[in-house]
Amino acid sequence: MSFTFNIITSLNQVSKADWNVVTGCDYPFTRYEFLHALELSGAVGGTGNQNSGWQPQHLLVYEEAQLVAVMPSYLKLHSYGEYVFDHAWANAYQHYGWAYYPKLVSAIPFTPVSGPRICIAEGYDQQSIISAINEYIIAYCARRKLSSWHLLFPSKDLSQTLAPQLMQRTAVHFQWINEGFTCFDDFLSTFNSRKRKNLKKERQQVWDQNIILEVFTGNGIPEEIWNRFYYFYQMTYAKRSGHGGYLSQSFFQLLAKTMPEAIVLVLAKREGQYIAGALNFRDSNTLYGRYWGCIQEFKHLHFETCYYQGINYCIREGLKRFDPGVQGEHKIQRGFRPVYTYSNHWIAEPEFRRAIADFLHQERTSVESYHASACEYLPFKSKNANKI
């Protein structure tokens with residue numbers, strides 16, 4: 001089987017129909033609409049002072065004239081917005097007078113959720129295409145004198161397939177699993193008594209502050225609601241990081257027009273005014289919590305808006321999983337289970353490759369210990385504690 005490869009620097013160089021036939025339109029983050037909105041809004045791409053540090057280098061794979069696989073990828077000039085932290089690797093390169101940037105990253109910008117990273121059209125041999133991509137990209141990096149190639153948050157199967165050539169790194173995120181619950185109280189019935197009472201108390205304290213929650217989906221989200229959410233998003237980034245966030249208002253406006261069916265927006269209202277919001281995306285099986293913002297802190301409001309409303313939505317819609325985003329051991333006592341996530345890494349320089357391989361081996365032991373420890377703090381009755 002013979003393949004040809006093309007690296008494009010903008011999604012404008014491929015049709016939406018051709019791209020989406022390969023990726024499908026279920027998982028939202030590899031869709032043409034999502035990735036193109038990042039480019040059109042300036043979150044990625046750009047030149048000169050407007051250079052985002054994410055330069056599109058999307059891989060297209062053809063068999064004869066037929067597009068059979070794609071891999072969203074970016075030439076990176078920094079390590080921000082990736083959520084797989086390699087700053088120590090970059091510092092080590094710099095210490096020895098080597099250039100770590102630019103590097104190649106195959107990932108979804110600003111989106112640390114696992115999913116397909118090499119998308120292959122139905123009816124084609126996945127193993128042969130993955131092997132061909134691996135060989136081509138390593139040669140491409142060597143030809144361009146790139147320090148490394150990083151595949152972030154792939155599925156476990158893809159990560160394991162690539163592990164012999166691309167070093168595997170593991171981390172732990174927290175996700176909610178739907179065990180066929182009929183309502184939120186059904187979910188709470190799996191908790192031990194003390195944890196169940198604590199969670200009910202948290203929710204009651206939100207209501208006692210005269211806060212109500214509203215869920216908006218699809219085309220039924222008015223422009224003024226989007227404007228309000230974006231204000232929350234900016235305010236939270238400004239308080240946390242000193243800037244207005246990676247994404248512009250036009251990014252959210254584009255998604256509202258091009259993929260509304262994938263959007264679930266939760267807003268909190270108090271005394272007639274919206275005070276906080278959480279933006280989620282969904283596919284046929286999973287809800288993905290992505291962006292949160294507020295203009296004022298209220299007790300337990302973050303938990304209600306970002307977690308409990310998402311769980312409610314999953315139960316109501318029959319979704320199997322809720323991935324609320326990175327970080328936060330506080331999710332454990334609220335019923336989110338520790339799960340492994342993966343990344344894979346190819347380092348051009350052999351000495352650094354060996355050093356990083358040793359580091360990853362030691363890190364894996366620590367990550368496995370952390371995962372086991374996190375499981376011990378789950379709030380469930382003993383018979384439910386080890387279900388995944």
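Y32, E33, F34, L35, H36, A37, L38 and E39 are the buried residues of helix α2, where buried means under 20% relative accessible area, with exposed over 50% and partly exposed in between (1.4 Å probe, protein chains only). This is a predicted model: local features need pLDDT of at least 70, side-chain atom pairs count only at pLDDT 80 or more, and totals for chains, interfaces and linings use all residues. Residues are numbered from 1 along each chain as its sequence is written, and side-chain values use heavy atoms, leaving out hydrogens and water.

Back to α2, residues 32-40: eight of its nine residues are buried. Helices (H or I, at least four residues) and strands (E, at least two) are DSSP runs, numbered from the N terminus. The buried residues of α2 pack against elements including α1 (16-23), β3 (58-63) and α9 (249-258). After α2 comes G42, with a positive phi near 85 degrees.

Next, Q168. This residue sits in strand β9, residues 167-177. Q168 counts as buried because its relative accessibility is 13%. Its side chain makes a polar contact of 3.1 Å with that of Q160; such a contact is a pair of N or O atoms within 3.5 Å, and within protein one must be able to donate a hydrogen and the other to accept it, while residues adjacent in sequence count only if both atoms are side-chain atoms.

Last, how are the residues lining the second largest pocket divided by type? Eleven are nonpolar, six polar and three charged. Nonpolar covers Ala, Val, Leu, Ile, Met, Phe, Trp, Tyr, Cys and Pro; charged covers Asp, Glu, Lys and Arg; the others, Gly among them, are polar. Strand β9 gives the most to this lining, with six residues.

Conventions: Contact means heavy atoms within 4.5 Å.
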